[in-house]
Amino acid sequence: MSTHSSDDPTTAAPTAVAPAAAAPSRSASAAFARLGGEDDQQVWSDLWSDLCHQESVDEDSFLALPHLTAIATGRAPGEPQEAVLMAGLIASAADEEHTARYAGEVSALLPVARRLLDAATDHPPTFVYLLQCVLAFEGERVWSAGRLEGLFVQEYEIECPHCTSELFIAFGDYGTFAAAGDYVTADPARAELLPADPATLGPLPARLHRAASRAGHAQVALGLTYLFGRATCPDCGTAVAVAEQVEEQ
C-alpha cells in the first residue's frame, strides 16, 4: 500500500490478526526513532517490511498505530502520507477489540486522510490507496481492504458463480470486456460488460464515484461503473454482478 512500492496491487484482504505481542518489535521501534533524516525512504521500506509484510497485519502492526498517528498529525518526524497509508492498511484489518482499543488514533487519522485524499489529484494509485484509508478509518471493512486497487490496474479477476469459469474483467488499454481466461497472452472468449449508471449506484459506490470525479480521476470513476456493474460470462451467458464476486475474494 505504500507509494514507495510498485503500482501493481495485492488485492487480497489483509490477513487475520495474530496473537497479541507484549510490545512493538525492537526493530520497528528503532526504525521509528530513525525517521526525520536523510534515510527516511529506507526507514519506511524497513517499516513496511516489518509491520505490513506483503500487506499482512499482526498485533505488532496495531501496536505501531500510536507512532503512526503521531507522525500523521505532525507530532513526530516522518512523512504523514506514509503514516496514513500504513495505518489505513492496519485499520482495515481491525476487529471489534482493536477498533475499540485504537479509537482515539483512528479519530485523529481520519481528518488527515481526508485532507490528503482531497489533494491526491495527480496519481490514481495514491488516490485509490487514500480512499481505502478513509474507508478503513470510518470502519468500513470490505472495500477498504484492498478491493478497490483493481481500479488503477483496470482489471478484476473473478469467478462466474454459475459455471465457475475464471473471468477477467478488463476496462483498460486492451479494451472493455469480460474474458474467460488470460486475454494478454491468449485470445479467450469475450463478452460485454454492462456498466452501472452512476445515477443508480448505491450510497457507497455513488460516494466513491463522486470522490473520483471531483478529484479529476475520470478513469477511476469509469472503473467504478464497471466494478459495480455486471459482466456477461462468455462461457455460460450468465449476467454476473462483478462487485458481489469481488467481495467474496
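The model is a predicted one, in which local features need pLDDT of at least 70 and side-chain atom pairs count only at pLDDT 80 or more, whereas totals for chains, interfaces and linings use all residues. Residues are numbered from 1 along each chain as its sequence is written, and side-chain values use heavy atoms, with hydrogens and water left out.

R101 also forms a salt bridge with E59 (2.9 Å, N to O), linking helix α6 to helix α3 (residues 59–63) across 42 residues of the chain; E59, E97 and R101 are thus linked in a network. E59 is buried at 5% relative accessible area, whereas R101, at 39%, is partly exposed (buried, under 20%; exposed, over 50%; partly exposed, in between; 1.4 Å probe, protein chains only).

Among the five salt bridges of the structure is that of D46 with R34, whose closest N and O atoms are 3.7 Å apart.

Helix α2 (residues 40–51) and helix α5 (residues 80–91) pack at an angle of about 5°, with axes 12 Å apart. The contact, defined by heavy atoms within 4.5 Å, is made by W44, L47, W48 and L51 of α2 and E82, A83, L85, M86 and L89 of α5.

Terms used: Axes fitted to C-alpha atoms, helices over the stretch in contact; angles between N-to-C directions. Helix = DSSP H or I, 4+ residues; strand = E, 2+ residues; numbered from the N terminus. Salt bridge = Lys/Arg side-chain N within 4 Å of Asp/Glu carboxyl O.
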